[in-house]
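My entries follow in the order in which I looked things up.

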Amino acid sequence: MPADPIAKTAVPPSTADFVRRSLVRKGRWGVAEIGFWAVAAATLFLLPERHLILNEIAIIGLFALSLDLILGYAGIVSLGHAAFFGFGAYMAGILAKHGFADPLLGLVVSALAAALLGFVTSFLVLRGTDLTKLMVTLGVALVLGEIANQASWVTGGADGLQGISMGPVLGLFEFDIFGTTAYAYSLTVTFLLFIVARRIVVSPFGLSLRSIRDNPLRARAVGIPVNRRLVAVYTLAAAYAGVAGALLAQTTQFVSLDVLAFHRSADIMLVLVIGGAGYLYGGLLGAIGFKVLQDILSAWTPQYWQFWIGLILVVLVLVGRERLTDKAKALRPRSRGRLAGQAKVLPTTTAGEV
Amino acid sequence: MSDLLNLHQVSAGYGDAIVISKIDLCLQPGESLAVLGRNGTGKTTLLNTIIGVTRHRGGRILLAGRDLTAARPDVRALAGIGWVPQERNIFRSLTVEENLTAVARPGPWTVERVYEMFPRLKERRANMGNQLSGGEQQMLAIARALVLNPKLLLLDEPTEGLGPIIVEELLAAMRRIIQNEGMSAVVVEQHAQKVLGVTDSAIILDRGTIVHAGSSRSLIDDPAPLEQHLGVTARKKPRQAAIH
């Protein structure tokens with residue numbers, strides 16, 4: 001059987017065939033991407049003494065990836081994304097504390113619970129301006145934080161959820177004090193969810209999200225059900241954040257109110273500012289940048305490291321990360337043609353040409 | 001034959017303002033209509049009302065017998081209304097190809113087919129929307145409406161602000177879509193000369209109401225209504241080559 005039956009016929013490809021081919025083209029992995037994940041996997045063996053911080057990076061990267069899905073692709077701003085992260089963390093912790101110690105079961109339940117929360121609260125962010133969305137998302141996180149604080153009989157309140165004991169991953173790999181199993185586990189989950197997200201963002205669904213971000217009115221007028229798509233991606237992102245929270249709970253075996261705190265939401269926004277939104281890797285690279293900066297600065301000046309982080313954020317926003325990355329891109333040949341299939345990118349048409 | 005588009009006593013506007021009032025309009029399958037009028041007479045509002053982005057104040061809108069009066073814009077688009085807006089509004093952060101594949105639906109108008117109609121778009125298929133010239137953006141806006149495979153195409157001043165060469169190219173494409181392919185279309189245009197050679201019939205709007213309705217040919221042969229309501233004259237004998 002031929003690999004591509006359409007190529008063997010003289011009939012022009014149908015819309016479905018065209019879209020399928022386009023998907024296949026865009027779904028191809030580039031050398032840089034393969035290199036990125038190969039390096040990430042290599043750190044398992046090359047940096048054994050850094051597994052604890054690498055585990056944190058993998059979790060923050062996944063959390064930032066979930067924010068990127070709504071902010072970078074759908075244009076939904078959020079200052080309360082920690083609501084889903086914290087909800088997932090508490091779900092995983094409570095499950096484990098009550099005897100359901102299998103990590104994968106915890107992940108699935110946390111994902112479903114966070115997705116449900118995301119679905120319910122998604123209707124609050126469908127309307128209003130960006131400021132409205134910021135306030136609504138922030139409010140949801142604050143409400144959840146207070147509920148967790150008051151429901152100390154189930155969450156442990158201000159003392160945190162203690163006594164969590166996780167079973168081995170896949171019944172084989174026990175969590176160790178060096179964080180090796182934790183890092184391998186978190187990295188694998190992050191990688192698998194990244195593949196799913198990557199597939200989604202190049203699909204017509206992902207393109208429709210970017211269309212909505214560009215121009216919601218126009219998107220509606222070309223038949224894109226804007227609200228349904230926003231609800232879907234918000235729910236999906238909530239599930240991702242829930243998994244990230246569950247990973248933190250399972251690998252640290254402790255959950256405190258900190259997982260729902262405002263600074264978590266702010267930090268993850270900062271991570272995305274550092275790495276850049278709208279291309280999935282921004283969250284991962286931002287997580288690396290953020291944690292490495294935090295590690296270096298807190299070792300250098302334990303009292304004032306947040307001052308330097310803040311200063312770097314201001315510089316990044318004022319100078320513009322794009323301006324810096326554009327200069328870096330100008331130093332190497334453009335790869336856009338490969339990313340967009342075989343098509344060659346032509347120079348921008350000037351007004352005089354028309 | 002049942003109407004493809006039927007507007008019955010439709011009134012609509014923005015906020016508290018009523019811009020179009022008690023419009024009655026019928027369009028048969030395969031028929032094309034030019035909507036003419038001065039600035040601010042409600043031409044764009046009429047199209048916006050058909051796609052559902054104005055405040056509805058009365059009347060009914062039916063497409064192929066289906067009542068779309070209360071339907072959302074995305075439902076209307078899926079029911080078969082393709083819209084090419086005045087501002088083009090292409091998706092800037094998507095490539096040309098992504099602009100098309102994001103919305104393409106099954107039907108005779110495939111992405112390859114619109115590339116054949118607009119070879120420039122094929123050349124620029126990897127360029128982002130914001131890297132295109134005005135003419136290319138207009139081609140993309142039309143192409144994107146076509147790959148939706150609509151029953152009815154709405155074009156809002158498609159030649160506005162474009163150079164003469166691009167305008168000729170777009171008019172040729174419109175002739176092919178409307179006259180050769182038999183696509184039903186409503187074309188809003190300020191410049192009657194450009195559009196009357198393309199459409200079957202025409203209406204003239206003034207202050208939100210229809211003040212003249214007739215065939216395009218009759219307006220070309222007797223431009224008195226144009227002079228009266230628009231203050232312009234259509235070419236009496238348009239070049240045949242430009243029409244066919």
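**Entry 1: a helix pair in chain A**

I began with the contact of α3(A) with α13(A). From α3(A), I listed Ile53(A), Glu56(A), Ile57(A), Ile60(A), Gly61(A), Ala64(A), Leu65(A), Leu67(A), Asp68(A) and Gly72(A). They meet Gly282(A), Gly283(A), Leu284(A), Gly286(A), Ala287(A), Ile288(A), Phe290(A), Lys291(A) and Asp295(A) in α13(A). I sorted the residues of this contact by type: 10 are nonpolar, five polar and four charged. The model is predicted, so I read side-chain atom pairs only at pLDDT 80 or more.

Next I checked the geometry. Helix α3 spans residues 51-73 of chain A, and helix α13 spans residues 281-300. Their axes come within 7 Å and cross at roughly 135°. The angle therefore makes α3(A) oblique to α13(A). I noted the crossing as right-handed.

**Entry 2: chain A overall**

How many helices and strands does chain A have? I found 16 helices and zero strands. Chain A has 354 residues, of which 42% count as buried. I then looked at contacts with a separation of 6 or more in chain A. Residues 24 or more positions apart account for 77% of them.

**Entry 3: where the chains meet**

I turned to the interface. Here 37 residues of chain A are in contact with 44 residues of chain B. On the chain A side, α1 (15-27), α9 (204-214), α10 (216-221) and α16 (336-339) each supply at least two residues. Which helix gives the largest share of that side? It is α9(A), with six residues. By type, the chain A side divides into 19 nonpolar, 11 polar and seven charged residues.

**Entry 4: the six-stranded sheet of chain B**

I traced an open sheet of six strands in chain B, in the order β6-β7-β8-β3-β9-β10. Its pairing is mixed.

I followed two of the pairings. β3 (residues 32-36) and β9 (residues 201-206) of chain B run parallel, joined by four bridges. Val35(B) stands opposite Ile203(B) in β9(B). β6(B) and β7(B) also pair in the parallel sense, over four bridges. Val84(B) has Leu155(B) in β7(B) as its bridge partner.

Are the faces of β6(B) covered or open? Both are covered: Ile81(B) and Trp83(B) lie on one side, Gly82(B) and Val84(B) on the other, and all are buried. I also found helix α6 (residues 134-147) of chain B lying across β6 and β7 (152-156). This helix runs at about 175° to β6(B).

**Entry 5: the four-stranded sheet of chain B**

I then traced an open sheet of four strands, ordered β2-β1-β4-β5 in chain B, with antiparallel pairing. β2 (17-27) and β5 (66-67) of chain B stand at its edges, so each, with a single partner strand, has one side without a neighbour in the sheet. Two bridges join β4 (residues 55-63) to β5(B). One pair I picked out is Leu62(B) with Asp67(B) in β5(B). Helix α1 (residues 43-51) of chain B packs on this sheet and touches β1 (5-14), β2 and β4. Its direction makes about 70° with that of β2(B).

Terms used:
Residues numbered from 1 in each chain as written. Chains lettered and ligands numbered in written order. Pairing = 2+ DSSP bridges. Contact = placed C-beta atoms within 7 Å. Axes fitted to C-alpha atoms, helices over the stretch in contact; angles between N-to-C directions. Nonpolar A, V, L, I, M, F, W, Y, C, P; charged D, E, K, R; others polar. Buried ≥ 20, exposed ≤ 12 C-beta atoms within 10 Å, placed from the backbone. Parallel < 35°, antiparallel > 145°, perpendicular 65-115°, else oblique. Left-handed = near helix turned anticlockwise from the far one by under 90°.
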